[in-house]
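Let's take a walk through a protein model together. Have a look at the picture first, then read on.

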Amino acid sequence: MHHNAHGRATLGGKLSAVLVAAGSSVGLGNIWRFPYVAGDNGGGAFLVIYICCVLLLGLPIMLAEFTVGRASHRNAVGAYRALDRRWSLLGYNGVLAAFLILGFYFVVSGWTAEYMVHSLTGSLAHFTEATQYKAVFENFIQNPWRPILYTCLFVLATHAVISLGVQKGIERSAKVLMPLLFLILIVLSVHAVLMPGGEAGLRFLFRPDFSKVTASTVLVALGQAFFSLSIGIGTMVTYASYFKADTNLRHTALNVTILDTAVAILAGVVIFPAVFSVGIEPSSGPSLVFITLPSIFNGMPWSMVWSSVFFLLLVVAALTSTISLHEVITAYLHEEWHLTRRKAAWATTAATALLASVASLSLGAWNGLELFGMSFFDALDFLTANILLPAGGLFTCIFVGWKLDQQVLRNEITNRGALSFRIYGLFRALLRYFCPAVMLLVFLDNLGVF
Ligand code: PHE
């Protein structure tokens with residue numbers, strides 16, 4: 001077992017930091033959320049704005065979170081508390097956001113598992129029209145117990161990895177699952193590009209039409225960037241607390257950002273040709289991948305093989321992300337409440353399974369359960385992506401840019417002078433001025449000020 005000087009588990013090789021952090025970032029946010037949000041906001045133009053957000057905001061904030069995590073070697077709450085007592089609130093914001101995200105994320109993860117099983121058994125192959133697939137999907141998510149069953153199975157799978165610990169569970173699963181995910185995605189995207197009639201989809205994704213851009217497009221792109229990169233929530237703080245002293249934080253952040261963005265774009269390449277060829281509106285929302293992909297696969301030879309492989313991709317992507325969200329809470333309960341890691345993991349598992357079951361029921365049997373005028377399920381997504389994550393991002397910039405001892409920041413980023421960082425000045429200016437200003441706009445917009 002590797003331990004650092006603080007007696008805390010650390011990740012092994014050089015690649016591990018990148019794979020583990022990319023495992024968190026790459027998830028349903030890229031393959032399920034990105035296509036429908038892009039579809040809803042004009043396609044190509046959204047992609048351009050999204051990439052700007054990722055590079056100018058996402059990258060510096062990820063680096064800031066890595067700094068906080070590795071400088072303190074603590075869980076999200078303990079990390080901020082160790083650096084400045086008054087800022088532990090930022091850590092609590094992250095733990096709360098992780099809990100609430102898991103409330104809907106486990107539900108969608110359960111859907112992907114159920115679709116994978118139905119692809120494998122062939123029971124998804126009996127339909128021909130996209131409208132039939134739409135009915136199948138709606139029928140399924142409204143069922144009172146089936147989605148909950150799959151959701152709970154998914155929670156238990158996550159629990160199993162977490163209970164194996166940081167190295168044997170989180171690190172080892174990322175080393176197997178991430179390469180598998182890239183392989184599947186590349187096969188599927190080559191296939192999608194070669195598919196007849198797919199050009200309309202690719203044009204939609206890659207030819208920006210800025211006439212569709214409104215002020216809110218920018219803000220939606222920002223929220224999506226945060227969600228997709230797993231920032232503003234303490235996940236990267238927690239993971240970086242396991243990094244080794246010689247991990248190059250800049251390279252890790254850059255690689256994770258590039259991988260995450262590449263996966264989102266490839267997911268678009270897989271999904272939009274299918275969307276256009278079955279004649280579904282690209283703006284049809286969260287059900288997009290669950291309706292278009294099964295109907296496109298169905299017209300092809302070996303349909304259920306393709307479909308199984310696609311939903312396996314979603315399951316794998318979801319799992320490495322639920323692991324990271326679960327770890328934020330488990331590490332917090334373990335280190336701050338002094339529970340054994342085993343008890344901390346079970347407490348997290350039980351509480352998130354309960355929340356996710358309620359969220360699942362709010363789409364069907366309990367559809368009267370509403371919050372802010374939307375279903376409980378949608379409210380969890382709204383509250384986290386539009387409020388808690390931007391707030392977390394904003395205060396992370398202010399903390400690391402203005403409050404944190406600059407020597408700590410410099411030490412972490414240069415590994416105590418061992419590495420040079422020529423654009424340090426630019427990085428610091430982004431953190432101090434540019435990012436907070438933009439974040440503030442996002443936040444005010446989400447509160448409906450504009
Ligand atoms: N980034 C993950 C995804 O894209 C979701 C996530 C958000 C994970 C926040 C951890 C923290 O699916």
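## Around the ligand

Which residues are the closest to the ligand, and how many surround it? There are 15 residues around the ligand, and the closest are Ser25, Gly29, Tyr105, Phe227 and Ser230. Keep in mind that this is a predicted model.

Gly29 has a backbone N or O atom 2.7 Å from an oxygen atom of the ligand. Asn30 uses its side chain instead: an N or O atom there is 3.3 Å from an oxygen atom of the ligand. For Ser24, a backbone N or O atom lies 3.3 Å from a nitrogen atom of the ligand. And how much of the ligand does the protein bury? Taken alone, the ligand exposes 320 Å², and the protein buries 100% of that.

## A helix on the inside

Now find helix 13, residues 288–298. Why is helix 13 said to be largely enclosed by the rest of the structure? The reason is that 11 of its 11 residues are buried. The buried residues of helix 13 include Leu288, Phe290, Pro294 and Asn298.

What covers them? The cover includes helix 2 (28–40), helix 5 (88–121) and helix 6 (130–142), along with helix 8, helix 12 (249–278) and helix 14 (303–336).

## Salt bridges, far and close in sequence

The salt bridge count for this model comes to 8. Let's start with Arg81 and Glu336, which form a salt bridge with their closest N and O atoms 2.7 Å apart. This pair links distant parts of the chain: Arg81 sits in helix 4 and Glu336 in helix 14, 255 residues apart. Arg81 is partly exposed because its relative accessible area is 24%, which falls between the 20% and 50% cut-offs. Glu336 also counts as partly exposed, at 23% relative accessibility.

Next come Glu138 and Lys134, another salt bridge, where the closest N and O atoms are 3.4 Å apart. Both residues lie in helix 6, 4 residues apart, or about one turn of the helix. Glu138 is partly exposed at 35% relative accessibility, and Lys134 is partly exposed with a relative accessible area of 35%.

## Glu327 and its neighbours

The side chains of Arg341 and Glu327 also meet in a salt bridge, at 2.8 Å from N to O. Arg341 lies in helix 15 (residues 341–361) and Glu327 in helix 14, so this pair ties together parts that are 14 residues apart in sequence. Are the two partners buried or partly exposed? Arg341 counts as partly exposed at 21% relative accessibility, whereas Glu327 is buried, with a relative accessible area of 0%.

Glu327 turns up again when you look at Thr238. Thr238 is found in helix 11 (residues 235–240). Leaving out residues up to four places away in sequence, Thr238 touches Ala76, Glu327, Val328 and Ala331. Thr238 is buried, with a relative accessible area of 1%.

## Two residues with positive phi

Time for some backbone angles. Most residues other than glycine have a negative phi. His73 has a positive one, near 50°, and its place is in the loop between helix 3 (44–72) and helix 4 (76–83). Arg416 also has a positive phi, near 55°, and lies in the loop between helix 17 (406–413) and helix 18 (424–446).

Which of these is buried and which is exposed? His73 counts as buried, at 13% relative accessibility. Arg416 counts as exposed, at 64% relative accessibility.

## A nonpolar patch on the surface

Finally, let's go to the outside. Ile186, Val190, Val193 and Leu194 form a nonpolar patch on the surface, and together they have about 380 Å² of accessible area. Ile186 lies in helix 8, which covers residues 166–194.

Terms used: Residues are numbered from 1 along each chain as its sequence is written. This is a predicted model: local features need pLDDT of at least 70, side-chain atom pairs count only at pLDDT 80 or more; totals for chains, interfaces and linings use all residues. Side-chain values use heavy atoms; hydrogens and water are left out. Patches are made of residues with over 30% relative accessible area and no salt bridge: like charges are joined within 9 Å, nonpolar side chains (Val, Leu, Ile, Met, Phe, Trp, Tyr) within 5 Å. Accessible areas come from the Shrake-Rupley method with a 1.4 Å probe; for residues, only the protein chains shown count as cover. A salt bridge is a side-chain nitrogen of Lys or Arg within 4 Å of a carboxyl oxygen of Asp or Glu. Buried means under 20% relative accessible area, exposed over 50%, partly exposed in between (1.4 Å probe, protein chains only). Contact means heavy atoms within 4.5 Å. A residue is near a molecule or strand if one of its heavy atoms lies within 4 Å of it. A polar contact is a pair of N or O atoms within 3.5 Å; within protein, one must be able to donate a hydrogen and the other to accept it, and residues adjacent in sequence count only if both atoms are side-chain atoms.
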